[in-house]
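Good morning, and thank you for making time for this presentation. Please have the sequence and the structure open as I speak.

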Amino acid sequence: MNKFLTTALIVGTFYSVSAQEKRVLSLEEAVKLGIENSKNLKIDQAKIEESTANLLEAKNKQLPELKVSGSYMYLPLEPNVDLKIPGMSGGGPKVSNVLYGSANLSVPIYSGGRIRYGIQSAEYLVEASKLNSENDKNAIAYNISQAYNNLFKASEVVKLLKENLASSQKRDQSFIKLENNGVIAKNDRLKAQLQTSNIELQLMEAENNFSIANINMDLLLGLPDNTEIEVDSNYIGADDLAKPDDYYLNLARENRKDIQALDYQRKAAALGTKAAKAENLPSLAFTGGYVAADIPKLLTITNAVNVGVGISYNLSNIWKKNSSLMQSKAREQELAASNDLLNDNVTLEVKRDYQNDLYAHKKIDVYQRALEQAEENYRITLNKYNNGLETITNLLDADTAKITANVNVVTSKADAALAHKKLLQTAGVINGNQ
């Protein structure tokens, strides 16, 4: 029994440890993995396939139409057949069945440009759907960057608080010895332990934030939700802030996929207007056909081949208003207004995110100076406390200020990195090397 319990305990421990998979990921790897497993991009791919099918349908309209039909009919009641052909008047032969077939060919020659405009318009819409998918990729890349940034901050804060908790616990042990030796009062020791408890609470909150951020990353990347992601320690790098905002604005105008997609939609709408105008024009087609029929004892037709040219024109267009043309023109006006609005929004977004990027990096310098001041203040306060010139309350306050300053430096650097990613996403080059 003891051997069985020991074996069960070992196996249970093994499964509990192996159930938590650990994976080291850089930001670039996370973005690539997230794009590969994105459900939104799968929807975009379906839309691209739908647009491609519409293009194929438009191209099919320029191909010949060949229709074949045939029929066999049995006549249970004897029909009355009265031939009017001279010399064959009177009752004809008995007819009990009829067999006939036909083949008709139609090749479009001229349709007012409707087919050509339809194909070009469908091609533009395919390109627009592809560009919309690329635009979604940029948005997904930023969302993953944001989640990765949150995970990095949570991880760094956990590490920092663990270090401070260890130092605080070590200080508590020293204070207990000092209290036992009558060097400090019990109240001072309790204040120090209260500080330790506060750090423990902060650590618990940070670890909880890390767990939530980790689950969010797992879901975004399509990983099992029990995968623990270890972020790259070199995530924070140096950003190039020497370029002016106009540089990023020009990048956005050249690389924003939503701008390019809207441009293709406007081109498709313009062709739609031309196609709608062409509805008032006649259609011309080459036609050909073959007919065969067999009515036993009465009629047999073979080799009835016909060729010709067919023209069709809807005379009701003379008094009916072209509603398709009106709708297409309205669509063009809507897209033109959307284009103006999008360009204004792009300008605002780029300049706003550029200012936010500058602001985030300036905050790093301020927090770095604050950290240096907090560390120096703690050193001086500790020295005074050791010489009996400062209270335990001021020492603990100085320690808290140092912890806060360290956290602020770490989070400000991560926030600055994310602010630059946001600027790149707004400029449409988040997946590039800008």
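Ring pairs join Y148, F152 and Y235 into a cluster. By a ring pair I mean rings of Phe, Tyr or Trp (for Trp, its six-membered ring) with centres within 6.5 Å; planes under 30 degrees apart count as stacked, over 60 as edge-to-face, and the rest as tilted. Residues are numbered from 1 along each chain as its sequence is written, and side-chain values use heavy atoms, with hydrogens and water left out.

Across the whole structure, the search finds 6 aromatic pairs. One of them is formed by Y124 and Y264, a tilted pair at 5.8 Å centre to centre with 45 degrees between the planes. Y124 belongs to helix α4 and Y264 to helix α7, so this pair ties together parts that are 140 residues apart in sequence. Helices here are DSSP runs (H or I, at least four residues), strands likewise (E, at least two), and both are numbered from the N terminus. Y124 is partly exposed, at 26% relative accessible area, and Y264 is partly exposed as well, at 24%. On this scale, buried means under 20% relative accessible area, exposed means over 50%, and partly exposed lies in between, with a 1.4 Å probe and protein chains only.

The rings of Y247 and Y248 have centres 5.1 Å apart and planes at 85 degrees, so that pair is edge-to-face. Y247 is partly exposed at 26%, whereas Y248 is buried at 3%.

I turn now to the second largest pocket. How much space lies in it? The figure is about 340 Å³. A pocket here is an open set of points on a 1 Å grid over the protein atoms alone, where a 1.4 Å probe fits, with protein on both sides within 12 Å along at least five of seven lines; lining residues have an atom within 4 Å of a point. Of the 18 residues in this lining, the closest to the pocket centre are L125, Q265, A268, A269 and R331. Helix α4 gives the largest share of the lining, 7 residues. By class, the lining holds 6 nonpolar, 8 polar and 4 charged residues; Ala, Val, Leu, Ile, Met, Phe, Trp, Tyr, Cys and Pro count as nonpolar, Asp, Glu, Lys and Arg as charged, and the others, Gly among them, as polar.

Q195, in helix α5 (residues 186-221), is buried at 9% relative accessibility. Leaving out residues up to four places away in sequence, Q195 touches S168, R171, L396, D399 and T400, where contact means heavy atoms within 4.5 Å. N406, in helix α9 (residues 392-426), is buried at 18%. With neighbours within four places set aside, N406 is in contact with L160, L371 and E375.

Finally, confidence. The average pLDDT, the predictor's confidence in each residue from 0 to 100, is 87 for the protein, and 92% of the residues score at least 70. Where pLDDT is low, the predicted coordinates should not be read in detail.

Technical notes
Predicted model: local features only at pLDDT ≥ 70, side-chain atom pairs only at ≥ 80, totals over all residues. Points joined across faces, edges and corners; volume = space filled by probe spheres on them.
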